[in-house]
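Please take a first look at the structure shown here. A short report follows.

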Amino acid sequence: RLCIEFYLNRNKRLTFSTAFSKNFFVNTNIDFLKKRKIAYIISGVFILIGIISLFTQGLNQGVDFVGGRSYTVRFDKTVSADEIKNDLIAVFGSAEAKTFGDANQLKITTKYKVEETGSEVDDEVQQKLFQALQPNLPQDITFKEFSVIQEGKEVGILQYYKVSPTIADDITKNALWAIFGSLIIMFLYILMRFRNWQFGFGATIALFHDAFFVIAMYSICYKFMPFSLEIDQAFIAAILTVIGYSLNDTVVIFDRIREYVHEHTTWDLDKKVNGAINSTLNRTFNTALSTLLVLVAIFIFGGESLRGFMFALIIGVATGVYSTLFIATPLYYDTMKRAGKHKAEVNTTPV
């Protein structure tokens, strides 16, 4: 604001577009509602594929959701979490390694033999951990020196804890409550903001569609993707972020629909809805593209440990734009039409 006022106070002309973007999505007249049935079919087919994948392949659940063992390990040099993760996977089959604190410390988690208990199993897991990490440990270190936990230790295991299946079940229940609770709260927010349940219904179904789309993609892709698509608490954070982003996009169009309903009282509802979508296309795609550019950059350059999280956000942002245009708004139109209000005004009083 200060920069703009400084510029305008000197009677200089200020524009917010370039020669390329000046006519970008200006005066478009796309009939989105006419394509809604095709979109419903596409979404329905993918949801069916996602359900089949979840029942046949399931999800690659991490330690947070199935239980497992976690170790904080200190090395005598700076180590690469990605390289050590590959060494751990070769031994355990599934493991995570992340820098924890200093560059020579890692937090290592594995769900290897999580269902089994007893000191013998704990010793076996630590022996395998020692075996996997040996190339990065001092040559003269013994297994006992590596595994004994003591204060001020320079190399070896600093901390160890196990997440039991019972605790993992509690985390899973809380994660599900977080997702479904957020959907309920979003519905109530839309209902209070627009005072019209049709808006809330369309938005909530679209948000559920986006969340399920990301989950289904994880189920379909985790076996062949070159990076980890493990379900952990960071994944739940990604789902909630996608829900928030998608809702923000939807609310912008819903606000414009409400404006059109108030201003163009002689128009049929389909004309108002299509007009509102077309008038916000510029904003929708500019916001989505600028967000995707950042996410793709982090996905490529951010390191192995961030790729799964970024993958969820990239899929979610792209799906959020699609669901806003072809799920949320058309569902609002269809429910209004069924209620016999497609030619009548709806409540236009903003909260």
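Tyr260 is buried, because its relative accessible area is 15% and the cut-off for burial is under 20%. The model is a predicted one.

**The aromatic pairs**

Tyr260 has a ring partner, Trp267. The two rings sit 6.0 Å apart, centre to centre. Trp267 is partly exposed, with a relative accessible area of 23%.

How many aromatic pairs does a search of the whole structure find? The search finds 19 aromatic pairs. One of them joins Tyr218 and Phe235. Here the ring centres lie 4.5 Å apart. The planes stand at 50°, so this pair is tilted. The pair links distant parts of the chain. Tyr218 belongs to helix 8, which covers residues 197-221. Phe235 belongs to helix 9, which covers residues 233-263.

Are Tyr218 and Phe235 buried or exposed? Tyr218 counts as buried, at 3% relative accessibility. Phe235 is buried too, with a relative accessible area of 4%.

Ring pairs also build a cluster. Its members are Tyr218, Phe227, Phe235, Phe299 and Phe311.

Ser182 has its place in helix 7, residues 165-194. At 15% relative accessibility, Ser182 counts as buried. Which residues does Ser182 contact, leaving aside its neighbours within four places in sequence? They are Trp177, Leu240 and Ile243.

Ile167 also lies in helix 7. Ile167 is partly exposed, with a relative accessible area of 42%. Between Ile167 and Ser70 there are two separations to note. In sequence they are 97 residues apart. In space they are 14 Å apart, C-alpha to C-alpha.

Thr284 lies in helix 11, residues 281-301. Thr284 counts as buried, at 1% relative accessibility. Leaving aside neighbours within four places in sequence, Thr284 is in contact with Asp249, Ile253 and Val321.

The table gathers the accessibility values.

| Residue | Relative accessible area | Class |
|---|---|---|
| Thr284 | 1% | buried |
| Tyr218 | 3% | buried |
| Phe235 | 4% | buried |
| Ser182 | 15% | buried |
| Tyr260 | 15% | buried |
| Trp267 | 23% | partly exposed |
| Ile167 | 42% | partly exposed |

**The chain as a whole**

The chain has 12 helices and four strands. Along its principal axes, the C-alpha trace spans about 85 × 55 × 35 Å. What radius of gyration does the chain have? The value is 26 Å, whereas a compact globule of 351 residues would have one near 20 Å.

Buried residues make up 43% of the 351 residues. Contacts can be sorted by how far apart their residues sit in sequence. Of the contacts with a separation of 6 or more, 76% join residues 24 or more positions apart.

The chain exposes about 18,900 Å². Carbon and sulfur atoms supply 59% of that area. Charges come next. The chain has 35 positive and 33 negative side chains. The centres of the two sets lie 14 Å apart.

How values were computed: Residues numbered from 1 in each chain as written. Predicted model: local features only at pLDDT ≥ 70, side-chain atom pairs only at ≥ 80, totals over all residues. Heavy atoms only, no water. Helix = DSSP H or I, 4+ residues; strand = E, 2+ residues; numbered from the N terminus. Rg over C-alpha atoms; globule rule 2.2 N^0.38 Å. Buried < 20%, exposed > 50% of the residue type's maximum accessible area, 1.4 Å probe, protein only. Contact = heavy atoms within 4.5 Å. Areas by Shrake-Rupley, 256 points an atom, 1.4 Å probe, with all protein chains shown as cover. Lys, Arg positive; Asp, Glu negative; His and termini not counted. Charge placed at Lys NZ, Arg CZ, Asp CG, Glu CD. Phe/Tyr/Trp six-rings, centres within 6.5 Å; stacked < 30°, edge-to-face > 60°.
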